[in-house]
Amino acid sequence: AGVRGCGGVWRRAWQHGAGGPGPSSCGQRAVTSNGRGGAVPVGKSGLAPWVAVVGLEIHAQISSNSKLFSGSQVQFAAPPNSLVSFFDASLPGTLPVLNRRCVEAAVMTGLALNCSINKKSLFDRKHYFYADLPAGYQITQQRVPIAVNGNLSYSLCTDNKMSQMVTKTVRIKQIQLEQDSGKSLHDDTRSQTLVDLNRAGVGLMEVVMEPDMCCGEEAAAAVRELQLILQTLGSSQAVMAEGQLRVDANVSVHHPGEPYGVRTEVKNINSIRFLAKAVDYEIQRQIEELENGGTILNETRAFDSKLGCTVPMRDKEGKQDYRFMPEPNLPPLILYDAKSLPANTNHQQVVNIDWIHERLPDLPSVKRAKLVEQYGILPEHSFTLLNEDGLTEFFENVVKQTQMKPKKVIGWILNILLSHLKQHSLTVKESPVTSVLMADLLNLVEKKEISSTAAKQVLAELWKGEGKTPLEIVKEKKLELIQDQKELEEICQAVIDGQENEVIMMVLG
Amino acid sequence: GVWRFQVSAALKEGRVGPRELCQRCLARIKSSGVLNAYISVAEETALKQAEESEKRYKRGQPLGVLDGIPVAVKDNFSTAGIETTCASNMLKGYISPYNATVVQKLLDQGAVLLGKTNLDEFAMGSGSTDGVFGPVRNPWSYSRQYKEKSVPKSHSEDEECNWVITGGSSGGSAAAVASFTCFAALGSDTGGSTRNPAAHCGVVGLKPTYGLISRHGLIPLVNSMDVPGILTRCVDDAAVVLGSLAGHDPKDSTTIQDNFKPFELPDSPDVSKLSIGIPKEYQAPGLSSEILALWSKAADLFKNAGAKVTEVSLPHTRYSIVCYHVLCTAEVASNMARFDGLEYGHRSEMNKSTESMYAATRREGFNDVVRGRILSGNYFLLKQNYEKYFIKAQKVRRLIANDFLKVFGSGVDILLTPTTLSDAVPHAEFIKEDNRTRSAQDDILTQAANMAGLPAINVPTALSERGLPIGLQFIGRSFQEKQLLTVAKWFEKQVKFPMIQLEEVKWHSHDVFQHQKSASFS
């Protein structure tokens, strides 16, 4: 089989001096992506082009009140070790009790990613010694995960202006439920490790994406779409900066028609922007390594966001054998659908897949299509609306309160409002200009009471958040468009009178 | 209802008070210290609990049959406020912040918790000889019956080397019940750890169906086989304790959801309509001829009572012990991984690195037996061995369970087998073989019930030629404890197992309890 879902072909950006791209030679490297959909002729150097293959393993923290197998609360940035039950600390004799909410979140996510939901899934123990893993094993779903064989469609633009969007699909291999670990804080100066178990046992969904992507941009777009889906479902808050969404990338390169190359795993990627960078860096590094006659090691590498490069990670225990074993304290997880649901079941005791399916909210792709259809905006605008948290609601509120056509409103919101927000590093919800004020302002424009230029000035005033209405600002700053012919002539006359010499010069030509 | 624990009738009638009862038991624990049955004695809290119970009786509002009854618990059940050591350096000084569900249930019903009983380290053994607090001595070592038959009268100094083991790993609990220091004790049963010492100490040892009693708080040996066990002096008492412990526990997902209804056993059980199976594979190599004879006599008892007695076959039995060891060590390796010295328990002084601290902690904390099982368990779980050992053992486990299903499906109600190959051996002899060899021999007749999750009970049957107890085992259908115990009770009535005659001198005991007509108080 050829390279699936990806026609991107790489070649070397430029020639380098001696030595591979080790940490010392890290730096920004341009990487060219040569079209999409077709092999590219052999490069100038006479070398065959390279094809990159990117797969992702994504850990999404489940948004739930309590942990996957215990009653401890889940909360970001709580005081260290304040959310630790006896089970989380692995006190002897404690047993896991599965949190129904986590199961439902995984089922929702599976359905949203077009997976088939396994009506029977199993839990396994994965063993390794680490300070933040108190039991010495993680409970995960190695043999039979809760959801398998799905896919995720995502779009990305083929030029910088976002006017050309292509839709791609990545297959989802599986979604498995598993426990998060605690956090180790290494204090090198005092050579000690501090352990915080607040996160230990929090529910994770591991989403495994097949290697259907071929560059950082695709990986980033896929993860962004997944993030939006999770946030829409509420199954995860999916904030990368808070570690609720963690992405590991498997990267390899090969020549078209040849088997896949040896892959490396890139970890420690904590934003979508860095994901694109890390993947592209790693692709370029592997190409250079191979072209310089080197080999790629099957290793784990960490992305260094400061240096913008990947560096080998020291393995925790050398070659790991996780000694998987069935978790004997949890019976198989059985899910039901309308057909298999036994009569007289206590609904508190069972999870009904169909019930969850019927209650799935509109997914981002559906929301976008609806926006395009309802408001006649461009598809790429619908992407921007969904990409910024709260922007769609803002847009729709403005549209409701103004006579201006949605097609025009979108320009104001995407070009003007958004750039103000970006300038001030604010989120939509933090915007000092509410949708009501925005609508008032646009109404003034729509009624031709002020010009677009004036409206921008008013917006800048509104940004100060002094509590004035757009109309008040217009009055105060005398920004009204003059509708009265006579008044306009008088103003012109006054200007001309004040500039007598210039006028004479002009008349004289 | 009928008061089963006879002592509880005495309590109810005011012939004895909980406080007095508790004090007497505590005194008896002290005087029988040579047995080494207890690791911790919770004198203060026990007296406080007895005091509370006394008040309830005075108000005429006891909580139930167990109110005021002194009990002991194996030291691998978590008890808030009392050390839980598992007889290991690893957990010496460890005080659990919570009670195991079974402990909580006993306390909630007014039972008085005297202390924690001795065992093999982490319940890994069949002698109660391999714990960090030393071996448990079988009370029968100090019985008139044993001394008359086994100890040459001229060599009284030999007594020290003639004492016999209790069996294990719940030897402390068995000895505690057998020596009248308590009225019931909890053990745990993974491969026979309750039934084996019960057989050697001449008490009833019940291993309920897997999933009937919560394991929450029981420090695990093998999660998929562990069951809290019940040790009492008679079958009726075991039924009472079972009734107070059984049922769903939201903290243990492997307990059954259905409500458990406590039951009483009929006063005159009838076995005439029953079908008793005698599995031929249990004529294992090494089975002593007197046990074999006793077994066949027991079968005749049933036959004479009108029961249908047939020989049955459980063809995979002979593979059971090997598979048991693979599955047991694999789970042990996994379960023991948590003991790294970080959160609780022993931590080595070694501080070169986290890894070296782990290694030293585990070397210092675990004995050779535990370390050996961890090592082999990890070997079986290695990627290249997993299919070959673990998966294969699991498959055979299924075959073993199916053997039982087939036999029960063919109309057999209860299986009758020996519990042990022989009576208890002297400690000096027992330690000549290593733990692994001993476990393989001693669990041979008991672990299959664990592999299949079935309920099984040891009923003391007779004394051996050496004056030591011999027990027989009944194995029942899953969750058919009532039937199993009914048969056991009938059998108990037939065999009239003799009461232990402990030497008064040694124990300075003026205990009224052992002068009652039977050992059982029922």
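K116(B) counts as buried, its relative accessibility being 0%. In this predicted model, the side chain of K116(B) meets that of D75(B) in a salt bridge, with an N to O distance of 2.9 Å. The pair links distant parts of the chain, 41 residues apart: K116(B) belongs to strand 3 (residues 112-117) of chain B, and D75(B) to the loop between strand 2 (70-74) and helix 4 (101-108). D75(B) also has 0% relative accessibility and is therefore classed as buried.

Over all chains, the count of salt bridges comes to 43. In chain A, R246(A) and D180(A) form one through their side chains, at 2.5 Å from N to O.

E282(A) and R285(A) are both buried. Through salt bridges with shared partners, E282(A), R285(A), E299(A) and R301(A) are joined into one network.

The interface between chain A and chain B buries an area of about 2800 Å², 56% of which comes from carbon and sulfur atoms. Of the area that chain A buries against chain B, 22% is supplied by P92(A), F129(A) and R323(A), more than by any other three residues. The contact involves 30 residues of chain A and 41 residues of chain B. Zero salt bridges are found across this interface, but 16 residue pairs are in polar contact across it. On the side of chain A that touches chain B, the elements giving two or more residues are strand 4 (124-127) and strand 15 (325-326) of chain A. By class, that side has 20 nonpolar, seven polar and three charged residues.

Chain A contains 13 helices and 16 strands, and 49% of its 509 residues count as buried. Among contacts in chain A between residues at least 6 apart in sequence, 69% join residues at least 24 apart. An unreviewed UniProt entry annotates residues 393-508 of chain A as "domain: Asn/Gln amidotransferase". Over residues 393-508 the chain is 69% helix and 0% strand, with the end C-alpha atoms 58 Å apart.

In chain B, S193(B) is placed in the loop between strand 4 (184-189) and helix 8 (195-201). This serine counts as buried, at 6% relative accessibility. The side chains of S193(B) and S169(B) are joined by a polar contact of 2.9 Å. Beyond four places in sequence, the residues touched by S193(B) include K74(B), A123(B), G125(B) and S188(B).

Helix 1 (residues 6-13) of chain B has V7(B), S8(B), A9(B), A10(B) and L11(B) buried. The buried residues of this helix pack against helix 2 (18-31) and helix 3 (43-58) of chain B.

Terms used. Residues numbered from 1 in each chain as written. Chains lettered and ligands numbered in written order. Predicted model: local features only at pLDDT ≥ 70, side-chain atom pairs only at ≥ 80, totals over all residues. Heavy atoms only, no water. UniProt positions renumbered as here; feature names shortened; annotations may be inferred. Helix = DSSP H or I, 4+ residues; strand = E, 2+ residues; numbered from the N terminus. Contact = heavy atoms within 4.5 Å. Buried area = accessible area lost by both parts, 1.4 Å probe. Salt bridge = Lys/Arg side-chain N within 4 Å of Asp/Glu carboxyl O. Polar contact = N/O pair within 3.5 Å; in protein donor to acceptor, adjacent residues only side chain to side chain. Nonpolar A, V, L, I, M, F, W, Y, C, P; charged D, E, K, R; others polar. Buried < 20%, exposed > 50% of the residue type's maximum accessible area, 1.4 Å probe, protein only.
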